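Me: I would like to learn how to read a few features of a protein model, starting with charged side chains and going on to aromatic rings. Could you take me through them in turn?

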Amino acid sequence: MPKINKSNQAVIPVLLKEMLLPFIFSLLIITFLLFVNFLIRAVDRFLGTVFDFFIFIVYLFLNLAWIIALSVQMAVLLTCLMTFGRMSEDSEIDGLKFSG
């Protein structure tokens, strides 16, 4: 594990603050897209059968676990790309390199 010195301790909160909003936004969008995709595929299983609406909601809720497991990973990747791309465009990465 890399050693964290004083200059790195000042950078970590700034990076986390820059990444928080894009992470939440991308997590919601990706989860919504995967959930809609699953919902469209799951509807044909339930068409033509008599069932309780609560069973359908529980079925969707239980399948939400793997959807979130996929969407968190994709949201982290997208957040890192967006954050470091913006920081590179504004030359903030060069400032971090030169500050030590």
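Reply: A salt bridge is a side-chain nitrogen of Lys or Arg within 4 Å of a carboxyl oxygen of Asp or Glu. This is a predicted model, in which local features need pLDDT of at least 70 and side-chain atom pairs count only at pLDDT 80 or more, while totals for chains, interfaces and linings use all residues. Residues are numbered from 1 along each chain as its sequence is written, and side-chain values use heavy atoms, with hydrogens and water left out.

Me: How many salt bridges does the rule give, and which side chains meet?

Reply: Side chains of opposite charge can pair when their charged atoms come close. The count here is 1 salt bridge, in which the side chains of Glu18 and Arg86 meet at 2.7 Å, N to O. The pair links distant parts of the chain, with Glu18 in helix α1 and Arg86 in helix α2, 68 residues apart; helices are DSSP runs of H or I with at least four residues, numbered from the N terminus.

Me: Is Glu18 buried, partly exposed or exposed?

Reply: Buried means under 20% relative accessible area, exposed over 50%, and partly exposed in between, with a 1.4 Å probe and protein chains only. Glu18 has a relative accessible area of 27% and is partly exposed, and Arg86, at 27% relative accessibility, also counts as partly exposed.

Me: How many aromatic pairs does the structure hold?

Reply: Rings of Phe, Tyr and Trp (its six-membered ring) pair if their centres lie within 6.5 Å, and planes under 30 degrees apart count as stacked, over 60 as edge-to-face and the rest as tilted. The structure holds 3 aromatic pairs. The ring centres of Phe38 and Trp66 are 6.0 Å apart with their planes at 80°, so this pair is edge-to-face. Because Phe38 lies in helix α1 (residues 6–46) and Trp66 in helix α2, the pair ties together parts that are 28 residues apart in sequence. Phe38 is buried at 10%, whereas Trp66 is partly exposed at 39%.

Me: Why is the pair of Phe53 and Phe56 tilted?

Reply: Their ring centres are 6.4 Å apart and their planes stand at 40°, so the pair of Phe53 and Phe56 is tilted. Phe53 and Phe56 both lie in helix α2, 3 residues apart, about one turn of the helix. Phe53 is exposed at 57%, while Phe56 is buried at 12%.

Methods
Helix = DSSP H or I, 4+ residues; strand = E, 2+ residues; numbered from the N terminus.
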